[in-house]
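Here is a short report to read alongside the model. Keep the sequence and the 3D view open as you go.

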Amino acid sequence: MGLDNARMDNHEPDFVVVGEKVALGPLRKDLAPLYARWMNQGEVRRGLAQMGVATPQSQEKWVEENIDHSAQRAPQTVEFTVYDRADSAPVGTAGLLDISHAHGTAEFGIAIGERRGQGLGTEATHLALDFAFHVLHLRNVLLETLAWNVAGLTAYERAGFRRIGIRRGAVTSRGEATDLVYMDAVPEDFVGSVLS
C-alpha cells in the first residue's frame, strides 16, 4: 500500500501500524476518561458482556498495566488505541491478549466506541492481525464473540478470521442464554499486509 508508518513530522498521535482509514497507536493515559465512556456505552457493554462500571480511574489503571505489558521484549499483551485517519480521532481500542510466544498464539479483542458502521473496526482488526503475524510472528489468533453480533461476525470474517466452532448457551446476554462463536486467524490465510 506504500503508506508511511513514520509520522514524526506532524501533530498526529504516534502510530504503530497505519492502514488506509485507520491507524493503531499505543494506549494513552490522557484518553482514560474516553476509554471509560466507551466501556460504559450500552452497545459496547453488550458486545463484550461487560457488567462492571468503568471509571476514568479504573481505565487509567488498565492503561498503565497494559502500557507496561505491551512494552516488554516478549509481550504477553499488546493493546492499541484505534484512530480514524481522517482526523486522527481516537475511536476505540484493540488488543492481542494472552500471548504465548512458546505456542505462537494470542486472543483478540476490540471495542469501537465511536463511528461504528464505517468499516473502521474491520480495518483495525486486520491491522492487529498484521501486527500479530508480521511483528510478533504468531501462528494463530483466536477470538470469541456473541452469536447475535452479526455485524461483528461479518467484520471479523472480512478482516481474516474464520469460524471454528460454537459454544452453545455459554453466556447470558440481553437476559438470555447466548451462544459464543469461536473464530481464529492464521498467517496462511492472511492477505493485504502493510507490515511485510
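## Contacts and overall layout

Among contacts between residues at least 6 apart in sequence, 59% join residues at least 24 apart. Please bear in mind that this is a predicted model. The protein has 196 residues, and 47% of them count as buried. Its accessible surface comes to about 10200 Å², with 49% belonging to carbon and sulfur atoms.

How many helices and strands does the protein have? There are 5 helices and 8 strands. Read from the N terminus, the elements follow the order β-β-α-α-α-β-β-β-α-β-α-β-β.

In soluble globular proteins, nonpolar side chains tend to be buried together. Here, the largest nonpolar core holds 34 residues, and the members that touch the most others are Leu 24, Val 82, Leu 96, Phe 108, Val 141 and Phe 161. At least two residues of this core come from each of strand E2 (22-26), E3, strand E4 (89-100), strand E5 (105-112), H4, E6, helix H5 (150-159) and E8. Which element gives the most to this core? That is H4, with 8 residues.

Setting aside neighbours within four places in sequence, Val 141 is in contact with residues including Leu 96, Phe 108, Leu 129, Phe 133, Phe 161 and Met 183. Its contacts also include Glu 107 and Asp 184.

## Aromatic pairs

A pair of aromatic rings is described by the distance of the centres and the angle of the planes. The structure holds 7 aromatic pairs. One of them is formed by Phe 15 and Tyr 83, a tilted pair with 5.4 Å centre to centre and 50° between the planes. This pair links distant parts of the chain, 68 residues apart: Phe 15 belongs to the segment before strand E1 (17-18), and Tyr 83 to strand E3 (residues 78-84).

Phe 133 and Phe 190 form an edge-to-face pair, with 5.6 Å centre to centre and 70° between the planes. Because Phe 133 lies in helix H4 and Phe 190 in the segment after E8, the pair ties together parts that are 57 residues apart in sequence. Phe 133 is buried, with 5% relative accessible area, as is Phe 190, with 11%. Elsewhere, Tyr 35, Trp 38 and Trp 62 form one aromatic cluster.

## Two loop residues with positive phi

Most residues other than glycine have a negative phi. His 137, though not a glycine, has a positive phi of about 60°. You can find His 137 in the loop between helix H4 (120-134) and strand E6 (140-146). Its relative accessible area is 55%, so His 137 counts as exposed.

Arg 174 is also not a glycine, and its phi is positive, near 55°. Where is Arg 174 found? Look in the loop between strand E7 (162-173) and strand E8 (176-185). Arg 174 is exposed, at 54% relative accessibility. Arg 174 also lies over the face of Trp 148, at 3.6 Å from the ring centre.

Terms used: Residues numbered from 1 in each chain as written. Predicted model: local features only at pLDDT ≥ 70, side-chain atom pairs only at ≥ 80, totals over all residues. Heavy atoms only, no water. Helix = DSSP H or I, 4+ residues; strand = E, 2+ residues; numbered from the N terminus. Buried < 20%, exposed > 50% of the residue type's maximum accessible area, 1.4 Å probe, protein only. Contact = heavy atoms within 4.5 Å. Areas by Shrake-Rupley, 256 points an atom, 1.4 Å probe, with all protein chains shown as cover. Phe/Tyr/Trp six-rings, centres within 6.5 Å; stacked < 30°, edge-to-face > 60°. Lys NZ or Arg CZ within 6 Å of the ring centre and 35° of its normal. Core = buried A, V, L, I, M, F, W, Y, C linked by side-chain atoms within 4.5 Å.
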